[in-house]
Amino acid sequence: MNRTLRIGTRGSALALAQTGHIAEALERAGAKVEIVTVSTPGDRSSAPIAEIGIGVFTSALRDALAAGEVDVAVHSYKDLPTAPDPRLSLAAVPLREDPRDALVARDGLVLGELPVGSTVGTGSPRRAAQLEALGLGLTVVPLRGNVDTRLRKVTDGVLDAVVLARAGLARLGRLDAITESLDPLQMLPAPAQGALAVECRVDDVDTEHLLASTLDDQASRAAVTAERAMLAALEAGCSAPVGALADVVEDLDDDGSVVLRLSLRGVAATPQNDLLRASATGDLTAAEQLGRALAAELLDLGAAVLSGPEA
Ligand SMILES: NCc1[nH]cc(CCC(=O)O)c1CC(=O)O
């Protein structure tokens, strides 16, 4: 391909860092690239995500891609609505970062050391519900803003701790700030957390092929496919209290040979806001079915059918 690929990204430090990695990988594969920043309503508003709705960070970028203003869009996968966009192809899911949530607390404290009444900042209902379910007497405080703004709440002494995606800190070179990477047994991450979604126009087969062959990681794609299928079947938006995490695990076949399987864990809230947890294992090649099956089990257990603020 001789043309220059225009790669669209949001302008936040995190978005620029993750798009930079993608651009470098494409350049190493011989492509000519150019990074184009697209401003989104989510970047211009400071309202809680639960009010402005999922898609605020991604729809402007998707529109620019569909309109031909850019050729590739790089998103944080967990920020995408669950409904597919028929104009676009999800050409690559690159190797996923560590998907766990991270605690950044004052004085190097871990979760179990935070005194009763400590303030923990997060704007995510999923994180808030799981923090409250620990029964540690923590006070969850609403919080938004870019990664630096959130970290500063702790260094400035405004909050005792904040919870963020470890992947965001990794991509910004701020892993040093983490005082504890939270065990998924206590804090299941958002579906697709730590993964990127790389899209192109559905009719741009050259770009689709280049992205898939250069960037796609099959295990990462299978894991996030299962997590997102679970989310979609619960009809939950990204701001709903739903967590999911799939791992590729080795298992033994009937004839004793090693097979790779997907192990999926999920958490969802009841209408009374109690948390339900469940897990299931399935074929690596049937990730969507696994996600839907786990959602059905959670619904059977009494999970609320959620209609988040938008999707
Ligand atoms: N909700 C915003 C958002 N979207 C993606 C990430 C982090 C990187 C990722 O999960 O891929 C973050 C920040 C956070 O949740 O702390």
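Predicted model: local features only at pLDDT ≥ 70, side-chain atom pairs only at ≥ 80, totals over all residues.

User: Why is A92 called buried?

Analyst: Let's set the value against the cut-off. The label requires 20 or more other C-beta atoms within 10 Å. A92 has 25 of them, so A92 is buried. This residue belongs to strand β4. Leaving out residues up to four places away in sequence, A92 touches V198, L211, A212, L215 and D216. A92 and L196 are 104 residues apart in sequence, yet their C-alpha atoms are 8.3 Å apart in space.

User: What makes R100 count as buried?

Analyst: Here the cut-off is again 20 or more. R100 has 20 C-beta neighbours inside 10 Å, so R100 counts as buried. R100 is found in the loop between β4 (88-92) and β5. Beyond residues up to four places away in sequence, R100 touches R166, S181, L182, P184 and P189. From R100 to L245 there are 145 residues in sequence, and 9.0 Å in space from C-alpha to C-alpha.

User: How do you know that the buried residues of α4 are on the same side?

Analyst: First, the residues themselves: L61, R62 and L65 are buried in helix α4 (residues 59-66). They cover an arc of only 100 degrees around the axis, so they are on the same side of α4. What covers them includes β1 (4-9), β3 (72-76), β4 and β10 (196-201). After α4 comes G68, whose phi is positive, near 85 degrees.

User: Which residues are buried in α8, and what puts them on the same side?

Analyst: In helix α8 (residues 205-215), the buried residues are T207, E208, L210, L211 and L215. Their arc around the axis is only 165 degrees, which puts them on the same side of α8. The face turned away from that buried side carries the exposed residues V205, D206 and S213. Among the elements covering the buried residues of α8 are β1, α1, β3, β4 and β10.

User: Which residues surround the ligand?

Analyst: The ligand is surrounded by S76, K78, D79, L164, A165, A167, G168, Q193 and G194. The elements that give two or more residues to this shell are β8 and α7. By class, the shell has 3 nonpolar, 4 polar and 2 charged residues.

User: Which domains does the shell around the ligand draw at least three residues from?

Analyst: Domain 1 (4-94 + 195-216) and domain 2 (101-181) each give at least three. The chain also has domain 3 (224-300). The C-alpha centres of domain 2 and domain 3 lie 26 Å apart. Between these two, 6 residues of domain 2 are in contact with 9 residues of domain 3. On the domain 2 side that touches domain 3, the residues divide into 3 nonpolar, 2 polar and 1 charged.

User: How do you know that the radius of gyration agrees with that of a compact globule?

Analyst: We compare two values. A compact globule of 311 residues would have a radius of gyration near 19 Å, and the protein chain has 19 Å, so the two agree. Along the principal axes, the C-alpha atoms fill a box of roughly 60 × 55 × 35 Å. Of the 311 residues, 45% count as buried. In secondary structure, the chain comes to 10 helices and 13 strands.

Note on methods. Residues numbered from 1 in each chain as written. Near = placed C-beta within 6 Å. Helix = DSSP H or I, 4+ residues; strand = E, 2+ residues; numbered from the N terminus. Nonpolar A, V, L, I, M, F, W, Y, C, P; charged D, E, K, R; others polar. Domains from an automatic or database assignment. Rg over C-alpha atoms; globule rule 2.2 N^0.38 Å. Buried ≥ 20, exposed ≤ 12 C-beta atoms within 10 Å, placed from the backbone. Contact = placed C-beta atoms within 7 Å. Arc of directions from axis to C-beta.
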